[in-house]
Amino acid sequence: MSDLKFDDIKDLKPMKVGEFIQKSEDDEGYIVKVSDEKVYELAPIAYYVWEMCDGNRTVTQIIDQISQEANLSPDQVREPIVMVLNELRKASLITM
């Protein structure tokens, strides 16, 4: 599964798959279960992006919101967020 570029996904509305189970034992990550066979530990930023994937927000809106909250320009957060979205997609934690 190849990585998608921002221009390919900017208008898509990703939808999270799976359910939050608990924080990790070291309290550094979040455990998300897709199925009995697929359980993932997400870093805080990946979990935050996953939570924002509600099927209503576009990728552009997610990037804009995170940039405002982090007090950074959209250009500064675009590539890292697209990278997180690609990893979540490869793990079947979101659908596009």
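**Sheet and helix packing in a predicted model**

Let me start with strand S3 (residues 30-33), which is joined to S4 by four bridges, the two running antiparallel; strands here are DSSP runs (E, at least two residues) and helices are DSSP runs (H or I, at least four), numbered from the N terminus, and two strands pair if DSSP finds at least two bridges between them. Within this pairing, Ile31 stands opposite Glu41 in S4.

This is a predicted model, in which local features need pLDDT of at least 70 and side-chain atom pairs count only at pLDDT 80 or more, while totals for chains, interfaces and linings use all residues. Residues are numbered from 1 along each chain as its sequence is written, and side-chain values use heavy atoms, with hydrogens and water left out.

Three strands make up an open sheet, ordered S2-S3-S4 with antiparallel pairing. Strand S2 (19-23) and strand S4 (39-42) are at the edges, each with a single partner strand, so one side of each has no neighbour in the sheet.

Turning to the helices, H2 (residues 44-52) packs on H3 (residues 59-70) at an angle of about 130°, with the axes 11 Å apart, where axes are lines fitted to C-alpha atoms, for helices over the stretch in contact, and angles run from 0 to 180 degrees between N-to-C directions. That angle makes H2 oblique to H3, since angles under 35 degrees count as roughly parallel, over 145 as roughly antiparallel, 65 to 115 as roughly perpendicular, and the rest as oblique.

As for the residues involved, Tyr48, Val49 and Met52 in H2 meet Ile62, Gln65, Ile66 and Glu69 in H3, contact meaning heavy atoms within 4.5 Å.
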